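Here is a brief report on selected residues. Start with the sequence and the structure.

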Amino acid sequence: VSLTLNCTTVDSGIPCTEIPDIEESVCTCPDCVRELVFTYTGEGCSGSEMECTDFVDAPHPESATITISDEADSSVSLFEGTVSIGETVTIENADCLPATLVATVASGADLTQTVVIDSSCGVGGAGLVLTANYGAFKSVGYSCSETETFNCFDEVVYGIEACNTGGADEELYEFYLDLDGAIFDFTDGVPESDLMLPPGECYSAFQERFIDRCADIEYCAKAVANMTNPETGIPFPCDQEEEVKFSFRQPPTPEPTPPPTPGTPAPTPSTPEPTPEPTPAPTPAPTPTPATPEPIPSPTAGPTPSPTPGTPAPTPAPSPAPTSTCIIDVGIEGCFNFTTPFDNNCQGRPTIVTFRYNGGDCSQSDNLQDRQKFDCFDVEPPEGSGPPPTGAGIEAYILATTLQGEDVYFEGFVEVGKTFTLNEGLEYDKLSADMNITVYDPMGSEDPGEIVNQANMMQTMFLHLSCSQPLFLLDRFGAQ
């Protein structure tokens, strides 16, 4: 199988790895700004605005009526509509947008906020700052012209294609995209006939997503294609992975603009402070003069003074120790790949698998299987009697079958801390790729016919026991 993965912007088709960082966070246009983009956040006044009034306490309505107009001429309406929190508002003018905007937030007939925003974006103006809050609005984009566009959010599309490079018809058993932990399975709900590829044929899929260029973030995409039959383990190996990663650096925050105003008075009081400092300096000068007798004992005991200067040295050393704080920066290149000292050398499906029954709920699960292949459910009252208890020696009744339940690989009583083995008697050549394991509370009964029912069910899970999914020693699956 051959596999390709690519990522491009929806609008311009630029490869994701070539999308540039936004270097300038302050809206500055040579002539004037022609487009502004805000996200409605529902927040209250922040102090970054020219003027802002909250008529009710924030947060503002989840869904509000937004109007944006020219502050100099309220008859010039630039936007009016209903917007929900998280949605964007775009205002544009082919010529120039007004230098000052008035935005209002209303819930029905009630006005909840009015905010005045400096939108001049000129060299002399304060300028909007990307990701800064202006009342209930966050600035997320601006455009000076068709070619000068600075938007935090960009839509990209991932394309994934798997091709049969062999000499016989092969079925695509696994074909999915992992976008930073979000799994998109392109075989889900697809007929097997569509996934059966003759030699030279390909199967492709696409997934769109928004990215944030105004944050320190790395995007990592991993595509997986597998044509190994989970029932026979043939052909082996017949899988492939591809990876695309790209990152952005948060645009620099304009520090010089805010500090000068509050910072200017600060130096004024600090100027007299150096003057008093020399005054105390002469005061200690006479103090060392009477201290002259102290050097006299110091020659008498020569070794004593040497430890004395040595004493202050250890004194500062313990001072950082009590903080008990350690800061470590760790950088990871590429998609994170888990490594384990145990090698999963299985080829095709295992013949037998042994679990230790620990009891406990599903939250203790610790494995690398995809959510489409593994999931665990605690059946709590009144539907069942879970989760399974963890006390040593407490007995449970465990049933392991195929997902459809036609083949039984284990059935019996198991105590907490004891092991049980699937297909221990080798009744089957191999284990089923997809298994269901259910834990029941015996309720004092020894009759499986009485035990196996919904009321006694404590936990049920499905998991994948084919080597197409990670399967390591010490992996945890719910109570096992």
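## T460 and its surroundings

The side chain of T460 makes a polar contact with the side chain of N436, at 3.1 Å. A polar contact is a pair of N or O atoms within 3.5 Å; within protein, one must be able to donate a hydrogen and the other to accept it, and residues adjacent in sequence count only if both atoms are side-chain atoms. This is a predicted model: local features need pLDDT of at least 70, side-chain atom pairs count only at pLDDT 80 or more, and totals for chains, interfaces and linings use all residues. Residues are numbered from 1 along each chain as its sequence is written, and side-chain values use heavy atoms, with hydrogens and water left out.

T460 sits in strand β26 (residues 457-464). T460 is buried, with a relative accessible area of 16%. Buried means under 20%, exposed over 50%, partly exposed in between (1.4 Å probe, protein chains only). Strands are DSSP runs (E, at least two residues), numbered from the N terminus. Neighbours within four places in sequence aside, T460 is in contact (heavy atoms within 4.5 Å) with D375, C376, F377, V379, N436, I437 and T438.

## F175

F175 belongs to strand β14 (residues 174-179). F175 is buried, at 0% relative accessible area. F175 and V224 are 49 residues apart along the chain, yet their C-alpha atoms are separated by 5.6 Å.

## F55

F55 is in the loop between β3 (51-54) and β4 (63-70). F55 is partly exposed, with a relative accessible area of 46%.

Methods. Helices (H or I, at least four residues) and strands (E, at least two) are DSSP runs, numbered from the N terminus.
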